[in-house]
Amino acid sequence: MGKEKIRSTTVLAIKHNGKVAIGADGQATFGNTVAKSNVKKIRKLQDGKIVTGFAGSTADAFTLLERFDEKLGAYSGNLKRAAVELAKDWRTDRYLRRLEAMMIVADKEEVLIISGTGDVLEPDNEIAAIGSGSMYAQAAATALKKHAPNLSAKEMVTEGLNIAADICIYTNHNLVVETID
């Protein structure tokens, strides 16, 4: 029998009408079992000026969050520079290369996706999604942004995550959504 893998989550971030919201569900699964239903996958950094969300192995994500926070400190809170430097380290460092997670990071200006392959992506339409339910959440958010522009970024993230939770078995309705003004 192969190694069981912890699977989890959907993280969604939207920049809309000058506000940024990022949210995630709380489910972590181990094989075909829900291991925990209320994992907090959203973290505020830099006195709340930066919000991050992660998908993948929780222990790996915490390691990456710690490294990202160090990079933010080293680059005076510059989100993009810290993201690029983390991605470089993640791709080249022997220890970090083994980490299995992805991150969305955001400040009031931009939303970025950071991956272990060295990518720092600026998503289209200022909508970023990662994790097992990401395509469902992203599709819902894209439709909401286009057809319901009167909704707030937080309302769009909440609804996008709820739609993903209705479809994706690795996503639940225990949501945490944070905003940056």
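User: What makes helix α3 lie across particular strands, and which strands are they?

Analyst: In this predicted model, helix α3, residues 134–147, lies across β2 and β11. Contact here means heavy atoms within 4.5 Å. The helix runs at about 20° to β2; axes are lines fitted to C-alpha atoms, for helices over the stretch in contact, and angles run from 0 to 180 degrees between N-to-C directions. The model is predicted, so local features need pLDDT of at least 70 and side-chain atom pairs count only at pLDDT 80 or more, while totals for chains, interfaces and linings use all residues. Residues are numbered from 1 along each chain as its sequence is written, and side-chain values use heavy atoms, with hydrogens and water left out.

User: How do you know which strands helix α4 lies across?

Analyst: By that contact criterion, α4 (residues 153–167) lies across β2, β3 (19–24) and β12. Its direction is at about 155° to β2.

User: What makes β2 and β11 a pair?

Analyst: Two strands pair if DSSP finds at least two bridges between them. Five bridges join β2 (residues 10–16) to β11, and the two run antiparallel.

User: Why is β11 described as standing at the edge of its sheet?

Analyst: The open sheet has four strands in the order β11-β2-β3-β12, with antiparallel pairing. Both β11 (127–131) and β12 (176–180) have a single partner strand, so one side of each is left without a neighbour in the sheet. From one strand to the next, the twist averages 10°.

User: How do you know that there is a sheet containing β6 and β10, and what is its order?

Analyst: Five strands form an open sheet in the order β6-β7-β8-β9-β10, paired antiparallel. The edges are β6 (42–45) and β10 (120–121), each with a single partner strand, so one side of each lacks a neighbour in the sheet. Against the requirement of at least two bridges, β6 and β7 have four, and β7 (residues 50–56) has six with β8 (residues 101–106). In these pairs, Leu 45 stands opposite Ile 50 in β7, and Phe 54 has Met 103 in β8 as its bridge partner. The hairpin of β6 and β7 has four residues between the strands, and there Gln 46 takes a positive phi near 55°.

User: Which strands do α1 and α2 lie across?

Analyst: Helix α1 lies across β6, β7, β8 and β9 (111–114), at about 150° to β7. Helix α2 lies across β7, β8, β9 and β10, at about 5° to β9.

User: Why is α1 called oblique to α2?

Analyst: α1 (residues 58–74) and α2 (residues 79–92) pack at about 130°, with axes 9 Å apart. Angles under 35 degrees count as roughly parallel, over 145 as roughly antiparallel, 65 to 115 as roughly perpendicular and the rest as oblique. The angle therefore makes α1 oblique to α2.

User: What makes the chain as compact as a globular protein of its length?

Analyst: The chain has four helices and 12 strands; these are DSSP runs numbered from the N terminus, with helices being H or I of at least four residues and strands E of at least two. Its radius of gyration, taken over C-alpha atoms, is 15 Å, close to the 16 Å that the globule rule gives for 181 residues, so the chain is as compact as a globular protein of that length. The rule is 2.2 Å times the number of residues to the power 0.38.
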